[in-house]
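Please open the structure in a viewer and keep the selection tool at hand.

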Amino acid sequence: MGVPKAGMLLPDGRSMLERSRDMLESFCHRVLLLGDSHGVAGHQCLRDLRPDSGPLGAIETLLASGIATQYLVVPCDLPLLPAGLLARLLPGDQDGMSCFELPGDARARSLPCRIGAECLDDVRSLLDSGERAVHRLVDRLGPDAARVPLAVREIDLLMNVNTPEDFERACRLMRRDSKSEDSGGP
């Protein structure tokens, strides 16, 4: 992207990180920031125990913090993710993990996820072997990684912003949805 995604401004004037924080604050008891806070104040920020170890390293830091027994992990680059969809990850086995399953895709979508602190040893084992991808954790946990099915119409809500084109598409969708809400129509 050329710039940190967390600080990119969305059509409503908030950064992607601020939008994620606001959405999480609508139903989470506490919001923690992993990595750089990008100027967002008022939250505890945890620095990676293993710098440059990717999302799996951030999850290790979170689980090792001992702050809670389970966590909801949400990357900031999902600007269309609504709280209601995310809340569907919460029920289930508190010791394992839950993530979304896209229709017609054999592999689960590893982030966002709900993960229990008991997964720390599995996370550390993967990191020790050089693995950084969260989907490897889902594979390793097997049946302890519950999959929450998504409908086809929900796929765009998990749109991940990785390129300038993705960002522009997400902004277009947000503007369209904002106009629909303003006019009272779909």
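What percentage of the 186 residues of the chain count as buried? Buried residues, those under 20% relative accessible area with a 1.4 Å probe and protein chains only, make up 43% of the chain.

This is a predicted model, in which local features need pLDDT of at least 70 and side-chain atom pairs count only at pLDDT 80 or more, while totals for chains, interfaces and linings use all residues. Residues are numbered from 1 along each chain as its sequence is written, and side-chain values use heavy atoms, with hydrogens and water left out.

Colour the chain by pLDDT, the predictor's confidence in each residue from 0 to 100. The average is 89, and 95% of the residues score at least 70.

Now select Ile59, Leu63, Met97, Ile115 and Leu137, which touch the most other members of the largest nonpolar core, a set of 24 residues. Such a core joins buried Ala, Val, Leu, Ile, Met, Phe, Trp, Tyr and Cys residues through side-chain atoms within 4.5 Å. Among the elements that give it two or more residues are α2 (54–64) and β5 (109–116).

Finally, select Met23, Leu24, Val31 and Leu33, which are included in a second, separate core of 20 residues.

Notes:
Buried < 20%, exposed > 50% of the residue type's maximum accessible area, 1.4 Å probe, protein only. Helix = DSSP H or I, 4+ residues; strand = E, 2+ residues; numbered from the N terminus.
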